[in-house]
Amino acid sequence: MKAIRRFTVRPVLPEPLRPLSDLARNLRWSWHTETRELFQSVDPERWAASGGDPVRLLGSVPPARLAELAEDRRFLRRLTTVTDDLNDYVTGERWYQAQSGELPTAVAYFSPEFGITAALPQYSGGLGILAGDHLKAASDLGVPLIGVGLLYRHGYFRQTLSRDGWQQEHYPVLDPHELPLVLLKEADDTPAQVTLALPGGRHLRARIWLAQVGRVPLLMLDSDIEDNDLRERGVTDRLYGGGSEHRLLQEMLLGIGGVRAVRTYCRLTGHPQPEVFHTNEGHAGFLGLERIAELGDAGLGFDSALEAVRAGTVFTTHTPVPAGIDRFDRELVARHFGPDAELPRIDVERILQLGMETYPGGEPNLFNMAVMGLRLAQRANGVSLLHGNVSREMFSGLWPGFDPDEVPITSVTNGVHAPTWIAPEVFQLGARQVGAERAEDAFTGGGGDRWDAVADIPDQDIWELRRSLREQLVTEVRERLRASWRQRGAGTAELGWIDGVLDPDVLTIGFARRVPSYKRLTLMLRDRDRLMDLLLHPERPIQIVVAGKAHPADDGGKRLIQELVRFADDPRVRHRIVFLPDYGMAMAQKLYPGCDIWLNNPLRPLEACGTSGMKAALNGCLNLSVLDGWWDEWFQPDFGWAIPTADGAGTDPDRRDAIEAAALYDLLEQRITPRFYEQGPGGLPDRWIEMVRQTLMLLGPKVLAGRMVGEYVERLYAPAARAHRTMDPDAARELAEWKARLRRSWHGVRVDHVETSATTATAELGSTLTLRVRVALGDLAPDDVEVQAVSGRVDSEDRIADASTVPLKPAGGPDLEGRWMYEGPLSLDRTGPYGYTVRILPAHRLLATSAELGLVAVPAGDVVEGAGVLLR
């Protein structure tokens, strides 16, 4: 029989065990080994059955066992030690508190998904895992972050396979009362709520659940409440589900409702209000509109409020392709704002203008969330050096007249949270070498640029560690494979072969990620005979563990999975290559440490960062990857291999795949397998071990989320907080009025004449020319602009590369026609073809960058003296 109602019965813990409840509700246990070991000791069998989830564990332990533990002095001493450690961690001073300078009192960090732990399944892939690692690293460093997201009642889907290898999705219902969450409540003990107005007089209400991530509160909005109609209850049903309106409502709830949730949380707890708002991808972009509305209610006009909001906003883009950005029909957006819906006091046209694609190739009828995110943020970044370049190119249409390298989008390369992703055995090896405290400090981001102590670890210890981790992976794979085949309908008698799957002494390659087409899951199958030879080589075999989920609507991705599964089902190779369904955090934490090689072969440059290889590297796994994302930035032959790419213009996709697959096979056959199996005088693969050592020593400190969050603090959060404080209402009005005046008057700004002291088309290195420029400023004054000389080497089409800029000074004016003369020196500091130009840019003390308005004036072709344009 089926229950007509479900509810959660909580255990009553004996008084001495009450701290267990606090430990279970703070997700620090997910990366703190001593806390997990304490819970495991409560009941090892139930701990395993609970999937390592303390809340589920405590709900299943019999009262007799709890009574026994309440009398166990040794257990109570351990409980006191772990509880005191958490208290010190949450209340003590950490890296952030020791910094000098004007740091924000609080930062609100918005993301549509958060991967904190498998016990809170609110993530689908890299974006969510990155957001989770960002929160954990911020907690470790003491950064006063508030996370904001949605609570999905189905989370992301669970994946199984049919008998013929087709992906099947399942959406188990999540009960928040059974998750490590508490409901945020008002002073009268009623649940706190946020409400959004919808068209037709309807309302969308959401409760606020709190997940405590170490020191960081994570607020999660849940619309599945009785106060909502059926349609509104389903808004937070599943991650990235539903059609356009469903997604729009999710993103309005995340952005607008999220700001209201932050205000509510700070009011109820006394937490400082955020000075900086960080939008992790465009999904939360509407948060800027809510903050504009707040300032509007306080008396600021739209333009002034926009400037105030921009000053304290950071926007991070994660996509390298326009197709990866959420775009909505203009009419759909218009219907959900204005007098009969949300934010009624803001003119709908002003909202629509923020998301308009007002650049060549843009679609005027679509509302672009990333474009809105960039227009609402004074600071923006990509997530690797290469992705920063790609983003500047992709969004350059928003800053017409500027070269892509001047587009104001910087980059902060992602990192990963080492305590979450490092195998306990790797941590123990480090702790033996430098002590537990120093090892913990290094893994959280305070251990310097190199882990030199790794150099002193004996080869034998490194090799034994790697084999032990590989052996654990083999055991894990066999268990998961057996469960998968049972789900596919196989009987126990058919599965004896699984006991021989994988070998702890064979070179093991891992490939696990989402399965969009650009990640090329099946590139390894391009030449199946050659792959079979590698898998079955009599002396130097390889084995491959593959995992990944395709989006439920992506049949192309599902076909790729099916193709790989059918190959892995072949009795000739099924002991050497496996596909594991239901890839998630729990699987990943076993997979990264157990592999020797982490394979990544996306179409360059479509991988924004790709952090899975970072997690593998922290465990001594070597990367074999296309030079994309973070690997393009940090690759060295000392600790991995680069797959050559055939990404030149004109290479058709099929030929490109063939070339790059052949390069992959060549590397495996000629360089990687020989190095793994080649033994030195001591019977160990010395050269391989040295690459593992170099990976840990040189890559380890770079890939840390602690390094990433520290960069965000220093390069983005601190400047945004300073700008926020400077941008008081008077300053915001001043800047808004100045921008409006500048835009009205810019048509009158031009370069009238340029001349230089050069008399020939050649000049000597080290010489200095005098540059004189006559400009018209129309209704503007010299204080409104900066006149610059831009110079550098030029290519065959006279484009300046690697440009340097020098401001020129007013030397006279205005003349009778209202024109001003500017002049300054031009130093010839490089040999070869060299050129210069001049330009006029807006200038104001409150601008973050002179490109901010997208306005620039450059000379017309007839205003320059002949010898002055180019020095050859």
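How many salt bridges does the structure hold? The count is 66. The model is predicted.

**Salt bridges**

Side chains of opposite charge can pair when their charged atoms come close. Three of these pairs are set out below.

| Pair | Closest N and O atoms |
|---|---|
| Arg233 and Asp224 | 2.9 Å |

Take Arg233 and Asp224. Arg233 has a relative accessibility of 28%, so Arg233 counts as partly exposed. Asp224, at 23%, is partly exposed too.

Glu251 and Arg247 belong to helix 9, residues 244-269. They sit 4 residues apart, about one turn of the helix. Both residues are buried.

Arg715 and Glu711 lie in helix 27, residues 705-726. Because they are 4 residues apart there, about one helical turn separates them. Arg715 is partly exposed at 37% relative accessibility. Glu711 is partly exposed at 23%. Elsewhere, salt bridges with shared partners link Arg750, Asp752, Asp815, Glu817 and Arg819 into one network.

**Helix 25**

Helix 25 covers residues 653-677. At 1.5 Å a residue, its 25 residues should span 36 Å. The end C-alpha atoms are 34 Å apart, so the model agrees with that expectation. The helix bends by about 40° at Leu668. Leu668 is also one of its buried residues. Others on the buried list include Arg656, Asp657, Glu660, Tyr665 and Phe676. At the start of the helix, a side-chain oxygen of Asp652 comes within 3.1 Å of the backbone nitrogen of Asp654.

How values were computed: Residues are numbered from 1 along each chain as its sequence is written. This is a predicted model: local features need pLDDT of at least 70, side-chain atom pairs count only at pLDDT 80 or more; totals for chains, interfaces and linings use all residues. Side-chain values use heavy atoms; hydrogens and water are left out. Helices (H or I, at least four residues) and strands (E, at least two) are DSSP runs, numbered from the N terminus. The expected span of a helix is 1.5 Å times one less than its number of residues. The bend at a residue is the angle between axes fitted to the seven residues ending there and the seven starting there. Buried means under 20% relative accessible area, exposed over 50%, partly exposed in between (1.4 Å probe, protein chains only). A polar contact is a pair of N or O atoms within 3.5 Å; within protein, one must be able to donate a hydrogen and the other to accept it, and residues adjacent in sequence count only if both atoms are side-chain atoms. A salt bridge is a side-chain nitrogen of Lys or Arg within 4 Å of a carboxyl oxygen of Asp or Glu.
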